[in-house]
Amino acid sequence: MSTALPRRGIPDATVARLPDYLRVLTAMSARGIPSTSSEQLAAAVGVRSAKVRKDLSHLGNHGVRGVGYDVANLSMKIAAELGQAREWPVVIVGMGNLGRALAAYGGLASRGLRVIGLFDHDDAIAGQRVAGLPIRPMADLDSVARDADVIGVIATPGPSAKEAADALVAAGVTSILNFAPGSLAVPDEVELRKVDLATELQILAVHKQQRYAEVSRDVPLAGVAP
Ligand SMILES: NC(=O)c1ccc[n+]([C@@H]2O[C@H](COP(=O)([O-])OP(=O)(O)OC[C@H]3O[C@@H](n4cnc5c(N)ncnc54)[C@H](O)[C@@H]3O)[C@@H](O)[C@H]2O)c1
């Protein structure tokens, strides 16, 4: 058992920038621009051109000196790498505040992600519609997820997350994004990622604290000669 599956090949930081490149390339394509340079992409995305070249080399795309990158070809490669060459179905388990917000989030479709199922163990909310989909009982999870190769999202409270993960794994789900606090153990073949809002905020708070400490160290005390 492990808590995460290592990504193959492309560094996560590069993967995180790919949607930005794709957004810029899509806009170029809409304006009929056939090719672009690492400098143009860098300026549009806000990174150094050397970083763009390095990122795109991970896709096996090195560009052509004097010509640059073919916009259509590069768009296709990035879309394929992001899994957007096909649409990926998503199911959400736990339809409270967060689950409902995620289900209604309009930003998934443009990333090739489509929410196809909403699940909750609370019979009292079964049948309620969120973003056009009914909330279904957990007993339906297997029939929805089994053949669809879905990505599962856990939006249950922390103590229920294990039960939710077990249900997803039992339904054959091998990609899970967990929003609940705490760590989860899943089989090795399951890729588990975690979004931890509290920890991210805590990191910012610590950095803020460190900045305050640096500033107060640099300011000489009143009446004390430097
Ligand atoms: N990671 C983040 O950035 C982030 C941000 C906000 C909230 N959260 C977390 O997301 C989770 C949900 O928060 P919320 O405010 O939506 O909670 P909530 O209480 O409003 O909703 C939780 C839902 O999960 C359902 N549920 C509980 N156990 C279940 C199970 N075993 N199977 C299926 N459904 C189950 C409940 O019936 C309820 O509808 C919490 O764990 C919270 O800490 C994470």
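A: In this predicted model, the ligand is surrounded by 24 residues, and the closest are G94, G96, L98, S160 and L197. Two elements give two or more residues each to this shell: α5, at residues 97-104, and α7, at residues 161-170. Of the elements, α5 supplies the largest share, which is three residues. By residue type, the shell around the ligand holds twelve nonpolar residues, eight polar ones and four charged ones.

The next point is where this part sits in the chain. The domain assignment divides the chain into domain 1, covering 12-81, and domain 2, covering 88-198.

A second record concerns another stretch of the chain. For "DNA-binding region", UniProt lists residues 20-59, again in an unreviewed entry. Residues 20-59 are 70% helix and 5% strand, with 15 Å between the end C-alpha atoms.

Two helix pairs can be described here. The axes of helix α1 (residues 12-30) and α2 cross at roughly 110° and come within 10 Å. That angle makes α1 and α2 roughly perpendicular. On the α1 side of this contact are R17, D20, Y21 and V24, which meet L41, A44 and V45 in α2. The residues of the contact of α1 with α2 are five nonpolar and two charged, with no polar ones.

Helix α2 (residues 38-45) also packs against helix α3 (residues 49-57), at an angle of about 105° and with the axes 8 Å apart. The helices α2 and α3 are therefore roughly perpendicular to each other. Here S38, E39, L41 and A42 in α2 meet S49, V52 and R53 in α3. The contact of α2 with α3 is made up of three nonpolar, two polar and two charged residues. L41 takes part in the contact with α1 and in the contact with α3.

Conventions. Residues are numbered from 1 along each chain as its sequence is written. This is a predicted model: local features need pLDDT of at least 70, side-chain atom pairs count only at pLDDT 80 or more; totals for chains, interfaces and linings use all residues. A residue is near a molecule or strand if its C-beta atom, placed from the backbone, lies within 6 Å of it. Helices (H or I, at least four residues) and strands (E, at least two) are DSSP runs, numbered from the N terminus. Ala, Val, Leu, Ile, Met, Phe, Trp, Tyr, Cys and Pro count as nonpolar, Asp, Glu, Lys and Arg as charged, and the others, Gly among them, as polar. Domain bounds come from an automatic or database domain assignment. Axes are lines fitted to C-alpha atoms, for helices over the stretch in contact, and angles run from 0 to 180 degrees between N-to-C directions. Angles under 35 degrees count as roughly parallel, over 145 as roughly antiparallel, 65 to 115 as roughly perpendicular and the rest as oblique. Two residues are in contact if their C-beta atoms, placed from the backbone, lie within 7 Å. UniProt positions are given in the numbering used here, feature names are shortened, and annotations may be inferred rather than shown by experiment.
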